[in-house]
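Take a look at the chain below.

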Amino acid sequence: MAELDVALVAADREVWSGKASLVVAKTADGEVGIMPKHQPILSVMNPSVVTIKTVVDGAPGEILRATVHGGFISVADDRVSLLSEAAELVDDIDAARAQESLATAQAGGYGADSEAAAARAELRLRAVGR
């Protein structure tokens, strides 16, 4: 099975890295699906949920989903880099905390950053199905 080397990186940490057979991300030009042997690209990512179909020991693994709050995607030579200011695996999202963050942001509790904080909280809540 052909594989991609994938790295999902936030500004402060590597969120996930490993082998995958498919990466789906939303770019400024629309949704893109990356499979092995994909042509090189460099594009801006929109805030969205990224899907990664993992590969473990050459066999299909689990499907990971992660929120990315903008950033860039780079593809070359079966290497995919997803670089975002903030990113997290959907399984790691605390829905109650995201709801509290949304309420605080809507009340203007983050000052000038309230609009961006609300957008991040709404994306997290959509990702967990709330």
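What follows is a walk through this structure, from the whole chain down to single residues.

This is a predicted model, in which local features need pLDDT of at least 70 and side-chain atom pairs count only at pLDDT 80 or more, while totals for chains, interfaces and linings use all residues. Residues are numbered from 1 along each chain as its sequence is written, and side-chain values use heavy atoms, with hydrogens and water left out.

Start with the outline. The protein chain has 2 helices and 9 strands. Helices (H or I, at least four residues) and strands (E, at least two) are DSSP runs, numbered from the N terminus. Read from that end, the order is β-β-β-β-β-β-β-β-β-α-α. The C-alpha atoms fill a box of roughly 50 × 25 × 25 Å along the principal axes. The radius of gyration is taken over C-alpha atoms, and the globule rule is 2.2 Å times the number of residues to the power 0.38. For 130 residues, a compact globule would have a value near 14 Å; the protein chain has 15 Å, which agrees.

Next, look at contacts. A contact means heavy atoms within 4.5 Å. Among contacts with a separation of 6 or more, 51% join residues 24 or more positions apart. Proline 60 and serine 21 are 39 residues apart in sequence, with their C-alpha atoms 7.8 Å apart.

Now go inside. Buried means under 20% relative accessible area, exposed means over 50%, and partly exposed lies in between (1.4 Å probe, protein chains only). Buried residues make up 42% of the 130 residues. In soluble globular proteins, nonpolar side chains tend to be buried together. A nonpolar core here is a set of buried Ala, Val, Leu, Ile, Met, Phe, Trp, Tyr and Cys residues joined through side-chain atoms within 4.5 Å. The largest one has 23 residues, and Val6, Val23, Ile52, Val80 and Leu82 touch the most other members. Strands E1 (4-10), E2 (13-27), E3 (30-34), E5, E6, E7, E8 and E9 (87-89) each give two or more residues to this core. E2 supplies the largest share, 5 residues. Apart from this core lies another, of 7 residues, including Leu102, Ala117, Ala118 and Ala121.

Which residues does valine 80 touch, not counting residues up to four places away in sequence? They are Leu4, Asp5, Val6, Ala7, Val23, Ile34, Ile73, Ser74 and Val75. Serine 43, in strand E4 (residues 41-45), is also buried, because its relative accessible area is 12%.

Charged pairs come next. A salt bridge is a side-chain nitrogen of Lys or Arg within 4 Å of a carboxyl oxygen of Asp or Glu. The whole structure holds 4 of them. Arginine 79 pairs with aspartate 5, the closest N and O atoms being 3.4 Å apart. This pair links strand E8 with strand E1, across 74 residues. Asp5, Lys19 and Arg79 are linked in a network of salt bridges.

Aspartate 78 pairs with lysine 37 at 3.8 Å between the closest N and O atoms. Aspartate 78 lies in the loop between E7 and E8 and lysine 37 in the loop between E3 and E4, so the pair ties together parts 41 residues apart in sequence. Aspartate 78 counts as buried because its relative accessibility is 17%, whereas lysine 37 is exposed at 69%.

Glutamate 88 and arginine 124 meet at 2.3 Å, N to O. Here strand E9 is linked with helix H2 (residues 114-127), 36 residues apart. Both glutamate 88 and arginine 124 are buried.

Finish with the backbone of two loops. Most residues other than glycine have a negative phi. Aspartate 57 has a positive phi of about 50°. Aspartate 57 sits in the loop between strand E5 (48-56) and strand E6 (59-68), and is exposed at 80% relative accessible area. Aspartate 77 also has a positive phi, near 50°. Its place is the loop between strand E7 (71-76) and E8, and aspartate 77 is exposed at 72%.
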